[in-house]
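Subject: Handover of a structure for your review

Dear colleague,

Please find below the sequence and the structure that I am handing over to you. My findings follow directly after them.

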Amino acid sequence: MDIRHFIGIDVSKNTLDWAVYANKGIIWQTQSENSPVAIRAIIKQLLALPNFQIANCVVCMEHTGLYNAHALEVLFQAQLPIWLEASLHIKQAGGLQRGKSDNVDAQRIAEYAYRFQDRTRLWKPARPVMKKLAEFTRLRQRLQGMISQLKVPLNEQKRFGDRALTTQLGQHCSSSLKALLSDLKGVEKAIKQLITDDPILKSLFDLVTSIPGVGQVVATELILASDDRAAGAVQSH
């Protein structure tokens, strides 16, 4: 891949800072709203840059989860090559210094893409079923966290505190715990159904759970992790 324009994007909840590195320096930068309409407008400006060609560029940004959504969708639709990099990798290379201005971070991300272009990994969307599985898994984690927040203090109170008070406190959150446990059970059922209904997922799940000691939760996490590396990032040559 002959890359001539390295586009760095610093992603935040409301805005995107853009910088383009070419000819051994930053040649263009701007800021936009983090919205599909604004991103499409920026793409038009990029296409108007001298000698700019989609086939010879790469857009590099850090993985920020939900805040990446609009940029990933619109850039992929426009067929711009996307390199989604872990923020830790960019930071370790001196590309991110939080607390500084976002436009400077955009420049550093663009420069990072240029310096480490041999590490370019092109992103592509996960299958819809994998997106659903990831969201259900995150919901399960949140529910488990909420259950733990209620249970752990009660267990500690029971061990070290007043047992009568512990019983009273437990009574006041028993309905909440019961509801959370019921919701968790429903989410786990939905995850199991997603896996069962998808032949590829089911095959992977059966393979992973055949390992002694690996249950549904660990198997799901492993499948999501492997999909993120293998399907979400393809080595560019």
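**Findings**

Lys24 is placed in the loop between strand 2 and strand 3 (25-33). Its phi is near 65°, a positive value in a residue other than glycine. With a relative accessible area of 72%, Lys24 is exposed. Gln79 also has a positive phi, of about 65°, although Gln79 is not a glycine. Gln79 lies in the loop between helix 2 and strand 5, and at 65% relative accessibility it counts as exposed.

Please bear in mind that this is a predicted model. The mean pLDDT of the protein chain is 88, and 92% of its residues reach 70 or more. Residues 229-237 call for caution: pLDDT stays under 50 over this stretch, for which the model has 20 contacts beyond four places in sequence.

I turn next to the nonpolar interior. In soluble globular proteins, nonpolar side chains tend to be buried together. The largest nonpolar core in this model has 24 residues, and those with the most contacts inside it are Ile7, Ile9, Trp18, Leu46, Met61, Leu75 and Leu80. Two or more residues each come from strand 1 (5-11), strand 2 (15-22), helix 1 (36-47), strand 4 (57-62), helix 2 (69-77) and strand 5 (82-85). Leaving aside residues up to four places away in sequence, Leu46 touches Ile7, Trp18, Val20, Trp28, Phe52 and Leu80. A second, separate core has 22 residues, among them Val129, Leu143, Leu154 and Leu184.

Helix 5 (residues 128-160) deserves a separate remark. Helix 5 has 33 residues and reaches 48 Å from its first C-alpha to its last, close to the 48 Å expected at 1.5 Å a residue. Its buried residues are Val129, Met130, Leu133, Ala134, Thr137, Arg140, Leu143, Ile147 and Leu154. Of these, Val129, Leu143 and Leu154 are also included in the second core.

Which aromatic contacts does the model contain? A search of the whole structure finds five aromatic pairs. One of them is formed by Phe76 and Trp123, which are edge-to-face at 5.8 Å centre to centre, with 90° between the planes. This pair links distant parts of the chain, since Phe76 is in helix 2 and Trp123 in strand 6 (residues 121-123), 47 residues apart. Phe76 is partly exposed, with a relative accessible area of 40%, whereas Trp123, at 18% relative accessibility, counts as buried. Elsewhere, Phe6, Tyr21 and Tyr114 form one aromatic cluster.

Finally, the cysteines. How many disulfides does a search of the whole structure find? The search finds zero. Cys57 is in no disulfide, and the nearest cysteine sulfur, that of Cys60, is 12 Å away. A disulfide requires two cysteine sulfur atoms within 2.5 Å, so the sulfur of Cys60, 12 Å from the closest cysteine sulfur, in Cys57, is too far for a bond. Cys57 counts as buried at 0% relative accessibility, and Cys60 is buried with a relative accessible area of 0%.

Yours sincerely

Methods
Residues numbered from 1 in each chain as written. Predicted model: local features only at pLDDT ≥ 70, side-chain atom pairs only at ≥ 80, totals over all residues. Heavy atoms only, no water. Buried < 20%, exposed > 50% of the residue type's maximum accessible area, 1.4 Å probe, protein only. Core = buried A, V, L, I, M, F, W, Y, C linked by side-chain atoms within 4.5 Å. Helix = DSSP H or I, 4+ residues; strand = E, 2+ residues; numbered from the N terminus. Contact = heavy atoms within 4.5 Å. Phe/Tyr/Trp six-rings, centres within 6.5 Å; stacked < 30°, edge-to-face > 60°. pLDDT = per-residue confidence, 0-100. Expected span 1.5 Å × (residues − 1).
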